[in-house]
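Good morning, and thank you for making time for this. Please have a look at the sequence and the model, and then I will walk you through a few parts of the fold.

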Protein chains: 2
Amino acid sequence: MAEDNVVYVGSKPVMNYVLAVTTQLNNSKEVVLKSRGQAISRAVDAAEIVRNRFMPGVKIKNINISTEELTREDGTTMNVSAMEITLSK
Amino acid sequence: MAEDNVVYVGSKPVMNYVLAVTTQLNNSKEVVLKSRGQAISRAVDAAEIVRNRFMPGVKIKNINISTEELTREDGTTMNVSAMEITLSK
């Protein structure tokens, strides 16, 4: 899948991501919502709003969770949870 | 599955839920982590910590997301995202 089918969910208002996902799904069959840490719950919100309110035909194809290792500025590492939700129409 | 195989993830420190899940998995083959709203990212953290640090043989059997309708005290309703992570050994 091309990298432009990915929507990175961060700390902006959830409707920004809903709009991004809806736009992507008008141009392609699938879109992947990637999120880390606290943004994970916002990614779930975005996927649910797209499915329930804007594009009822869209299905959750896959959900993956994993752990990523981030390096702080002082060189120490921390683990952060990550999630990928794949939506397809 | 009996209801006591469910761990509800809320706003307590994540290690509380890690301990609850680990204890459950010593008594049964499966455990379901249920969470709503902001607690969703904590549930993912708990599942990942159990898998990576305490019980490496545990697998993610299924992840489900959904929307639940809550009623406020004044009678109005709000939607909240929910997630269920099923872990099995």
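Before we look at any one helix, let me say that the expected span of a helix is 1.5 Å times one less than its number of residues. What we have here is a predicted model, and in it helix α1 of chain A, residues 14-27, has 14 residues, so it should span 20 Å, which agrees with the 21 Å between its end C-alpha atoms.

Staying with this helix, which residues of α1(A) are buried? They are A:Tyr17, A:Val18, A:Val21, A:Thr22, A:Gln24 and A:Leu25, and because they cover an arc of only 165° around the axis, they lie on the same side of α1(A). The face turned away from that buried side carries the exposed residues A:Leu19, A:Asn26 and A:Asn27, while the cover over the buried residues includes β1, β2, α2 and β4 of chain A.

Stepping back to the chain, we find two helices and four strands in chain A, and along the sequence they follow the pattern β-α-β-α-β-β. Of the 89 residues in chain A, 44% are buried.

Finally, let us turn to where the two chains meet through their helices. Helix α2 of chain A and helix α2 of chain B, residues 39-54 in each, pack at an angle of about 115°, with their axes 6 Å apart. This contact is made by A:Ile40, A:Ser41 and A:Val44 together with B:Ile40, B:Ser41 and B:Val44, and these residues divide into four nonpolar, two polar and no charged.

Conventions
Residues numbered from 1 in each chain as written. Chains lettered and ligands numbered in written order. Predicted model: local features only at pLDDT ≥ 70, side-chain atom pairs only at ≥ 80, totals over all residues. Heavy atoms only, no water. Axes fitted to C-alpha atoms, helices over the stretch in contact; angles between N-to-C directions. Contact = heavy atoms within 4.5 Å. Nonpolar A, V, L, I, M, F, W, Y, C, P; charged D, E, K, R; others polar. Buried < 20%, exposed > 50% of the residue type's maximum accessible area, 1.4 Å probe, protein only. Arc of directions from axis to C-beta.
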